[in-house]
Amino acid sequence: MALLEIRNITRRFGSLEAVKDVTLDIEAGEFFTLLGPSGCGKTTILRMIAGFDAPDAGELYLDGRPLAGMPPEKRPVHTVFQSYALFPHLTVAGNIAFPLEMAGRSRDEIRRRTTETLALVHLEDKGDAFPHELSGGQKQRVALARGLVNKPRLLLLDEPLGALDAKLRERMQGELIALQREVGVTFVFVTHAQQEALALSHRIAVMNEGRIEQLDVPEALYSTPKNRFVADFIGTINLIAAAVVEASRHGLRLAAPGLGEIAAPVHGAVAVGSNGALAIRPEHLRISGHADRAGLKNHFAGAVVEYLFLGDVTVYKVRLDNGLLLEALATNAGPGRARFHEIGDRVSVEWRHDAGVFLPD
Amino acid sequence: MKRGFWLWAAGLATYAFLYVPLAVVVLFSFNDSELNASWVGFTTRWYGKLLGDADLLQAAANSLLIAIVSSTIATVLGTMAGIALHRWRPPLLPFLVLTPVAMPEILLGVSLLLFFRQVLDLTLGLFSILAAHITFSLGFVAIIVRARLAGMDESIFEAARDLGATPWRTFTRVTFPLIVPGIVAGFLMSFTLSIDDFVITFFVAGVGVTTLPLQIYSLIKVAVTPEVNAISTLLMALTLTLIALALRFAPETLRKSA
């Protein structure tokens with residue numbers, strides 16, 4: 001039995017359906033992420049788990065017990081808020097002790113667990129400080145410590161890294177993973193930042209307009225997105241419009257207007273004749289100076305229109321002769337050289353016949 | 001430089017306009033002369049004389065009692081109203097609570113008098129004064145408490161619930177400690193308003209009970225004696241102290257509500 005079972009929940013705000021018939025299971029010990037653009041319903045689901053909101057239809061079960069009608073304070077679920085929501089009139093230690101006091105723990109236990117948890121988030125020397133005296137990263141850690149100290153069954157995190165600068169966010173990502181592994185509490189994380197989701201999660205539910213578009217492990221979401229929304233939302237992807245000419249268990253033969261034939265791998269059943277697009281990641285494309293190789297299998301001629309040198313990699317934008325613009329990633333692993341093609345160069349864009357995924361319309 | 005000079009001059013003139021008359025009252029309360037005409041010499045005998053004036057002492061005692069009771073009740077009710085205004089944004093409550101603040105005092109005085117006499121058929125006295133004072137102070141407390149709450153991150157109240165606090169404990173452990181400065185400032189404001197209110201009290205006091213401002217008024221109907229100066233000085237000192245205290249407790253909320 002899953003730790004948290006969400007069964008067919010729907011939530012309406014006036015005429016807007018924020019969450020539409022969502023069903024999902026969250027397993028104990030998991031780092032689970034709800035990922036999607038703002039307004040996709042992810043925060044509404046979080047609030048229903050916490051008890052600040054209730055579904056109009058459907059049920060939530062925690063450890064097999066229905067959560068309906070149970071107020072937030074009775075749920076063994078704690079939240080790390082986007083704004084941290086630290087109590088400004090209490091010290092760091094006071095903030096962390098708060099859930100223990102509410103749970104009626106003994107003074108000794110409160111003191112011991114507060115000290116332990118302060119150490120867990122590396123804030124041993126900040127116990128007597130007030131929230132306004134802390135940096136953003138430190139507030140973040142206090143909020144985490146406060147959420148974890150009373151060992152909830154679930155810790156909900158509502159875009160907790162959103163307010164931090166890029167460098168600090170990266171460091172906190174590392175700390176979050178380590179912390180979750182150490183305490184073993186199930187995390188339900190909400191974010192709109194796909195890279196953050198990929199880096200942190202065991203499983204991700206990609207949401208759009210109140211529905212789950214795809215629920216999978218990060219690697220699978222990235223390599224085999226189920227539809228255009230997921231393909232587009234996670235990472236960068238090239239979409240090449242094509243129709244299926246032949247399908248066998250070895251692969252697909254696609255016809256792309258203006259390009260010709262493309263060989264592609266099979267992921268699930270597709271009917272011959274169906275229209276769609278081949279979705280292929282920039283790092284799966286290779287570009288070479290041999291424009292004359294066009295005509296070989298999955299080789300197409302074009303010209304470089306733009307490139308972005310990013311240090312470790314260079315992103316090239318190539319316009320194929322049929323007008324399609326593709327993005328290709330070249331790693332700068334060779335010694336000394338980091339640039340291989342100039343704007344206007346005639347190049348060949350190539351990829352393996354088992355790269356990419358065909359997404360029917 | 002020139003602009004600086006004129007700003008200073010205007011500032012000084014404003015302060016002079018406000019405080020010179022008050023200073024004169026204070027000064028003459030120490031003047032050793034029956035007449036408020038010229039400085040004769042320093043004395044504190046007018047203050048001593050106050051202690052012998054039984055009517056004045058009785059009026060002062062009434063005023064203190066009314067101020068303490070009315071501001072305590074107004075603070076409790078006003079705090080509740082302030083929280084309700086902030087949390088539920090009820091459509092009618094702002095009118096009920098804030099109208100007495102904005103209404104001309106004379107109107108409030110007349111309407112309370114009519115209400116107490118014609119509608120309730122009440123004998124005017126301590127109770128009617130208390131009710132009137134609670135009515136006009138309550139709004140100020142509500143404004144200050146609401147301003148205090150408006151400056152806070154809403155999610156801390158949800159966080160308290162989330163971390164295991166019942167609604168009542170959320171109030172006692174989080175909401176109340178955070179609005180205490182506003183409550184204290186509101187109490188001091190009501191106390192100040194109550195102790196020096198003249199207009200409304202004048203209408204609802206009746207004949208039995210008199211307050212300090214009413215007593216001062218009846219004294220100056222005869223003449224502005226040095227005793228009036230002395231009692232005015234004491235009242236002024238009390239009021240200024242309370243205002244200073246209120247500002248100290250909740251400077252930002254008072255500024256916001258002003």
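Modeller: Let me begin with a single pairing in this predicted model: in strand E8(A), the bridge partner of Leu157(A) is Phe189(A).

Biologist: How many bridges join E3(A) to E8(A), and how do the strands run?

Modeller: Five bridges join E3 (residues 31–35) of chain A to E8(A), and these strands run parallel, with Leu35(A) standing opposite Thr191(A) in E8(A).

Biologist: Why is E8(A) called mostly covered?

Modeller: A residue counts as buried if 20 or more other C-beta atoms lie within 10 Å of its own, and six of the six residues in E8 (residues 186–191) of chain A are buried. Thr186(A), Val188(A) and Val190(A) point one way, while Phe187(A), Phe189(A) and Thr191(A) point the other way, and all are buried.

Biologist: Turning to chain B, why is H3(B) called oblique to H4(B)?

Modeller: Helix H3 (residues 54–88) and helix H4 (residues 93–102) of chain B pack at an angle of about 135°, with their axes 10 Å apart. Because angles over 145 degrees count as roughly antiparallel and those from 65 to 115 as roughly perpendicular, H3(B) is oblique to H4(B).

Biologist: Which residues meet there, and what is their class?

Modeller: Ala81(B), Ala84(B) and Leu85(B) in H3(B) meet Leu93(B), Pro94(B) and Val97(B) in H4(B), and by class this contact has six nonpolar, no polar and no charged residues.

Definitions and conventions
Residues are numbered from 1 along each chain as its sequence is written. Chains are lettered from A and ligands numbered from 1 in the order in which they are written. This is a predicted model: local features need pLDDT of at least 70, side-chain atom pairs count only at pLDDT 80 or more; totals for chains, interfaces and linings use all residues. Axes are lines fitted to C-alpha atoms, for helices over the stretch in contact, and angles run from 0 to 180 degrees between N-to-C directions. Helices (H or I, at least four residues) and strands (E, at least two) are DSSP runs, numbered from the N terminus. Angles under 35 degrees count as roughly parallel, over 145 as roughly antiparallel, 65 to 115 as roughly perpendicular and the rest as oblique. Two residues are in contact if their C-beta atoms, placed from the backbone, lie within 7 Å. Ala, Val, Leu, Ile, Met, Phe, Trp, Tyr, Cys and Pro count as nonpolar, Asp, Glu, Lys and Arg as charged, and the others, Gly among them, as polar. A residue is buried if 20 or more other C-beta atoms lie within 10 Å of its own, exposed if 12 or fewer, and partly exposed in between; C-beta atoms are placed from the backbone. Two strands pair if DSSP finds at least two bridges between them.
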